[in-house]
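Q: I would like a close look at one residue and its setting. Please go through it step by step, then move on to other parts of the chain.

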Amino acid sequence: MKNAISWILVLFLLVSVLNNCLNNSVKKEIREQAAFMDNLRKLYSSGDSSKWPKPILDPESLATFSEIGHLPEISFPSDNPYSAEKELLGKTLFFDPRLSKSEQIACASCHDPELGWCDNRTFSFGHDRQLGVRNAMSIINTAYAKNLFWDGRVSSLEEQSQKPIEDLREMSGHMDLAAGKIASIKSYLVLFEKAFGDKKVTKERISKAIATFERTVNSSPSKFDQFIDGKAEMFTDDELMGLHLFRTKAQCMNCHNSGYFSNNTFENIGTSLLGEKGEDLGRYLVTKNLDDAGKFRVPGLREVSRTAPYFHNGSMSTLQEVIEFYSKGNPEHAQKRQTVHEGILLKSEKSGMVRMLELSDKEIMQLEAFLRTLSSKPEKVTIPELPK
Ligand code: HEC
Ligand code: HEC
């Protein structure tokens, strides 16, 4: 009997010692994790990005890499300087459906300020309710894009604004006709005089005014901007880990970097569907370089939570889907990867920078939480009165 009691006692002692050890190691782990997070928070909100942990980058991305951070000041081209009058004229034209053949479709029909300056549709409806073939891009921060459109086929906003007016599926008009129509509207002439010094209405002036307006449509400081400026409490732990993952394990910064969250290059992430329904040759259509088949412009990620659906073809409807796609390294082997176009065999070569990341569900959630911090509060846009 005595023996049994001592055995029970010994056993009890052993269990409590073990339990204590286990508890201590769990506590230590929690303490270490908390210290790690505290330190990350301190570094990232220090106001000095040179103190941030080193990013994980591929050698091939270094030539176009710059650290993420604030958007720089906008610069206006010397042959189209800013004036408030020109901005107002441009804004008025942007919202005016009379630039289209049917007089029903304005730029703002597909670039709606209440819908993140895009239309939140896979493909837009244009002239005669025809469907387009690519997802409408937001025009917010477009001033920071070096080349415009998913394939970069134009390189200035002045040149860009003529394209949708003449696109048969979009506004189906003609610049000369549009300019003529605008010139026949009396009170527009006053706006042109204020913006350009005289009442002459030309297509170049229309383009310049619209471009000037577009350069003013930019993100205001987001939660991310405030956090890195020193407001350490702005980020939750998940948002903080998301930022760290974005710069390290998830390797998003190979392509989405700088204050614009794009390195302004073209990359192939395996979305071109070569040889399949919906195939899009992307950058190849502009350059005719075989290497460019299936490349698309790296889009900036500011305001991205407001501009679903995603990719040039609107094929992903949520950010979670996009991140899961990257986590799997886009298993392109499941797709056909070649096509014959105008007698030329084209192959899609996915970038080596898109690879299996094996992110956990928690990490996917944290990356999404971080991406959401890149949106600023939508400002209320007053729609200008259209001249009669
Ligand atoms: C019917 C819908 C529609 C209309 C109307 C429309 N757009 Fe677009 N916009 C699009 C689509 C779709 C794209 C992407 C096309 C592509 O990449 O090939 C786009 C792209 C753009 C871009 C490129 C953004 C970037 O970052 O590269 C700008 C700028 C733009 N549009 C401005 C305008 C202006 C200015 C007007 C009016 C003159 C206009 N759009 C009218 C659908 C439209
Ligand atoms: C190799 C370069 C590259 C890397 C690495 C990369 N991206 Fe992208 N990203 C792109 C390109 C190119 C597109 C446009 C593809 C298309 O339209 O078909 C894109 C599109 C996106 C979009 C959709 C934006 C929109 O407006 O439609 C999101 C969101 C995004 N990337 C997030 C991420 C995240 C998060 C990571 C890291 C896990 C990442 N990207 C890694 C090049 C890259």
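A: Start with contacts. Leaving aside residues up to four places away in sequence, His244 touches Leu40 and Pro53. This comes from a predicted model. His244 sits in helix H10, which covers residues 237-247.

Is His244 buried or exposed? His244 counts as buried because it has 22 C-beta neighbours inside 10 Å, and the cut-off for buried is 20 or more. Now take a residue further along the chain. Glu303 is 59 residues from His244 in sequence. Their C-alpha atoms are separated by 19 Å.

Next, ligand 2. Its shell holds 27 residues. The closest are Cys252, Cys255, Thr271, Tyr310 and His312. Which helix gives the largest share of this shell? That is helix H12, residues 319-327, with four residues. Sorted by class, the shell around ligand 2 has 19 nonpolar residues, seven polar ones and one charged one.

Last, the hairpin. Strand E3 spans residues 338-341, and strand E4 spans residues 344-347. E3 and E4 run antiparallel and are joined by four bridges. Within this pairing, Thr339 stands opposite Leu346 of E4. Two residues lie between the strands of the hairpin. There, Glu342 takes a positive phi near 50°.

How values were computed. Residues are numbered from 1 along each chain as its sequence is written. Chains are lettered from A and ligands numbered from 1 in the order in which they are written. This is a predicted model: local features need pLDDT of at least 70, side-chain atom pairs count only at pLDDT 80 or more; totals for chains, interfaces and linings use all residues. A residue is near a molecule or strand if its C-beta atom, placed from the backbone, lies within 6 Å of it. Ala, Val, Leu, Ile, Met, Phe, Trp, Tyr, Cys and Pro count as nonpolar, Asp, Glu, Lys and Arg as charged, and the others, Gly among them, as polar. Two strands pair if DSSP finds at least two bridges between them. A residue is buried if 20 or more other C-beta atoms lie within 10 Å of its own, exposed if 12 or fewer, and partly exposed in between; C-beta atoms are placed from the backbone. Two residues are in contact if their C-beta atoms, placed from the backbone, lie within 7 Å.
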